[in-house]
Amino acid sequence: MLKIQNVGAFPGGDAFLLDDGNGACLLDTGFGFCGEALAVHVRRALAERPLDAILLTHSHYDHACGAPHVQALYPDAPVLAHEYAAQVFQKPGAKRVMREMDQSAAALFGVTAYTDRIDALHADRILRDGDTVTVGAHAFTVLHQPGHTRCSIAFWCESERLLIASETLGVPAGGDLVAPAYLIGYGCTLDAIDRALALPVERMLLPHNGVLEGAARCRRFLENARFWAVEAHERVHAAHRAGADEAACIELLYKLFYTPETAHGQPEKAFRLNASYMVPMLLRE
């Protein structure tokens, strides 16, 4: 069985080492400010073994900015990301925003001294829907899941019945509550959830939350994700029809989904920023 270990250095900056004894890769790389600590965690877990690849589920700062630090320690480990993420990494303006968000997260954790390698962030291999990534003895099919971002991707391992999800599918917020994470599309998010529901999933890795075990538990998460994606859409539209402006709709989402479980993986500032993108998108669709 594929061993999955969270080697992230700070809450919300999660990174997962996937290792089957024959090969290992890193899924996401957390914040940039703690990238050096992440690289040390990876080295400790692998000892003298190599890291074969770094897989990025999307281009957001809390998933991608640690990659250059890991590559500094493992220069032979290529970064694999969706083609749109590769384009984002080439834009100075995008990197400026990533740096600002990373600095804000560092300040939140009281970190003041660290090496900034965000300018070195890049993709070595472009991934598209249907491509195959091999890790040791395991093959993963790339699933493009736009909705959270245009570059969001998931990975499906048929032999393990393992779905490595993207945030497009939603984020656990306590109990059966799943916070939608759609920033760029509502309809495509539902399509991504439906596509996941059609797979015989028995194990899921959620990027900020770890592994769900068992077919019933995985299916329940996906069904709840779909329910709350639709429910949030309907509540925002109902509030808007009743006269609520965008600020009030953002507060609606905050009160509904910003729970202690959500706060564990996402600072309030980041949640409200995301909600400011969600609301106009939902009102358009």
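Which side chain meets that of R235 in a salt bridge? The partner is E231, and the two side chains come together with a distance of 2.9 Å from N to O. This is a feature of a predicted model, and the report below looks at its salt bridges and then at its pockets.

**Salt bridges**

Side chains of opposite charge can pair when their charged atoms come close. In this model the count comes to 14 salt bridges, and three of them are set out here.

| Pair | Distance, N to O |
|---|---|
| R235 and E231 | 2.9 Å |
| E268 and R272 | 3.1 Å |
| E83 and R128 | 3.2 Å |

R235 and E231 both belong to helix α7, where four residues, about one turn of the helix, separate them. In helix α10 the residues E268 and R272 are likewise four residues apart, again about one turn of the helix.

Rolling a probe the size of a water molecule over the atoms shows where empty space is left. The largest pocket holds about 910 Å³ of space. It is lined by 39 residues, of which H60, T149, L183, N274 and Y277 are the closest to its centre. Among the elements that give two or more residues to this lining are α4 (83-89), α5 (92-108) and α10 (268-284), and the largest share, six residues, comes from α10. By class, the lining of the largest pocket divides into 21 nonpolar, 13 polar and five charged residues.

The second largest pocket has a volume of about 220 Å³. Its lining is made up of 15 residues, and those closest to its centre are P172, G175, L212, R217 and F221. Two or more residues of this lining come from each of β14 (210-213) and α7 (215-241), with α7 giving the largest share, four residues. The lining of the second largest pocket has seven nonpolar, five polar and three charged residues.

Notes
Residues numbered from 1 in each chain as written. Predicted model: local features only at pLDDT ≥ 70, side-chain atom pairs only at ≥ 80, totals over all residues. Heavy atoms only, no water. 1 Å grid on protein atoms, 1.4 Å probe; cavity = no way out; pocket = protein on both sides within 12 Å on 5 of 7 lines; lining within 4 Å. Points joined across faces, edges and corners; volume = space filled by probe spheres on them. Nonpolar A, V, L, I, M, F, W, Y, C, P; charged D, E, K, R; others polar. Salt bridge = Lys/Arg side-chain N within 4 Å of Asp/Glu carboxyl O.
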